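Please load the model in your viewer and keep a selection panel open beside it.

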Amino acid sequence: MNLVNLQDVSLAYGPLVLLDNVSLGVEEGDRIGVVGRNGGGKTTLVSVLSGRTPPDSGRVIHNRGLRVGFLHQRDSYPDTTVAGFVLGDRAEHEWAGDPRVRDVLRGLLSGWDLDAPMAALSGGERRRATLARLLTETHDLIVLDEPTNHLDIEAIAWLAQHMRSRKEALAVVTHDRWFLDAVTTRTWEVVDGRVERYEGGYAAYVLAKAERQRLAAAAEERRQNLMRKELAWLRRGPPARTSKPKFRIEAANTLIANEPPPRDTVELVRFAGSRLGKTVIDVHDLRLDAGERTLIDHLTWQLGPGDRIGLVGVNGSGKTTLLRALAKERAPDGGTVRHGTTVNLAHLSQNLTELAPDRRPLEAVEEIRKHVTIGKKEFSASQMLERFGFRGERQWTPIGDLSGGERRRLQLLRLLMNEPNVILLDEPTNDLDIETLTELEDLLDDWPGSLVLVSHDRYFLERVTDRILALMGDQNLSFLPGGVDEYLDRRAAQTDSGEVPALRAEGEAAEPAATPGLSAAEQRAIRKELQRIERRIDRIDTRETELHDLMARAADDYTRLAELDPELKTLQAEKEELEERWLTEAEKLGE
């Protein structure tokens, strides 16, 4: 049974048509992901769907008594405590005995003082509180507009698991592709006033869209052929030359399966080495403090040519502080950070660089560089702006009239136009839509340099980087062979005894953290050994890739294969031994 029906719904703001005769419905148990470009009408669609925005024409029909829960991108907050805002006037014994409420509080507000005033919270904390209030209530349809904003990787993973366990219908607007795949079973794409519908989550949507585009291209090719033949007959001239269709009629997944890997890692590392040399960034015995608290201590680490590092960690562990230290925007409190002589470093922070509001995007990009070479291709400033969503007249729109997401795109593009060979990115996906994210990923695939990325966008993190390092709150970097999954497992083990936040009596203090059993010197020695093992594993991985490539080229040369095979087996055995040693050493630290 449909909970909501839209019949011939249209809505426009001035000359901009966001919805044009849209008809669709939401059934019980539906889990719908809404995607599309920024400003294309995603938020408008779900606002009309939930009954909060009336359409210009058409009908929105709700099932009688329908209860809709809506998470806005921006909310107002009453002058009350966290407990009053999230739980209302429910007595403590009522909500404390509700498993769902306890799960929400544990997942979103763990460690919070529920008696704290809402006015004292940051924007991100208020967002969490608003989401918690929505999820502790009962609804028939839940509508979430960018629910992963201000959430870290752990909270996003918890939210996905929580939403999968709920029975309510769901419509979610988000650019977080991992979350879409983890939660949704249908996808709506809002484009040019229409809503294109696809079965499945994000991965299924990409495959289905590729198939639609391929079939449309083949149909257009056939139509053009018929037109040329008809024109030739009418002119009674020689037969028109017709080209063969550019696409074979085959399943989209077969087409995609034949695509090469997104990055030629070996070639990019080789090219990066020729541009950067052996030394990129060397960190020795680094200490970083935040007030009286030490975030990082005795860190010795190297960023090599062509390294693509994803950096994850708990809030407040020092990810942004470490990036600023690597960029030499912040002096170390101990130790050294050294750059190679050929390093041209660019740092994208979370803060928007202010540009004159009367400037134009094309002018702002061309003042950096009018042309840029990425991989083996050269692009003009205008072409790069198009790739980042500034099409036609939008390149001449005053910067003061741009949205926050557009200014973020412009800031990122100006950074890339300077052709850096080392990039530090701090939450670059904020305010970017999926189309822009895929363009950025394509650009980074061909970009030869070293990269350190901090992001809560798990899809982007795993797509762009090759290794994951973590700040686990122990003042050092941990190498995670298992990637984000291993990080979440470790965090779950650390917080296994996590408690549901409660109303704390006045003056009551939290329990002090347990003191580790190893001395500081022993911990430093173990971490240095772990780093040595990690560097050796990296070298083995690079050589393994080279050997596989050589063996593929010598597929018919059995003598050459016989020479290469023993080296490959020796490396694989050494790697297995190193991984076991790494796990043994890591267990000593309890990591």
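What percentage of the 591 residues in the protein do buried residues make up? Buried residues, meaning those under 20% relative accessible area with a 1.4 Å probe and protein chains only (exposed is over 50%, partly exposed in between), make up 46% of them. This is a predicted model, in which local features need pLDDT of at least 70 and side-chain atom pairs count only at pLDDT 80 or more, while totals for chains, interfaces and linings use all residues. Residues are numbered from 1 along each chain as its sequence is written, and side-chain values use heavy atoms, with hydrogens and water left out.

Colour by secondary structure to begin with: the protein has 19 helices and 20 strands, taken as DSSP runs numbered from the N terminus (H or I of at least four residues for helices, E of at least two for strands). Of the contacts (heavy atoms within 4.5 Å) with a separation of 6 or more, 69% are between residues 24 or more positions apart.

Next, select the open sheet of 6 strands, whose order is β5-β6-β7-β3-β8-β9 and whose pairing is mixed; two strands count as paired if DSSP finds at least two bridges between them. β5 (68-71) and β9 (194-199) stand at its edges with a single partner strand each, so one side of each has no neighbour in the sheet. Within the sheet, β6 (residues 141-145) and β7 (residues 169-173) run parallel and are joined by 5 bridges, with leucine 144 opposite valine 172 of β7.

Now move to strand β12 (residues 308-313), where 6 of the 6 residues are buried, so that the strand is largely enclosed by the rest of the structure. In a regular strand the side chains alternate between the two faces of the sheet. Here Arg308, Gly310 and Val312 are buried on one side, and Ile309, Leu311 and Gly313 are buried on the other. β12 pairs in the parallel sense with β18 (residues 450-454) over 4 bridges, and also in the parallel sense with β19 (residues 467-471) over 5 bridges.

For a last stop, select tryptophan 582 in helix α19 (residues 558-589), which counts as buried because its relative accessibility is 2%. Leaving aside neighbours within four places in sequence, tryptophan 582 has contacts that include Phe479, Pro481 and Leu530. Phenylalanine 479 is 103 residues from tryptophan 582 in sequence, while the two C-alpha atoms are 9.5 Å apart.
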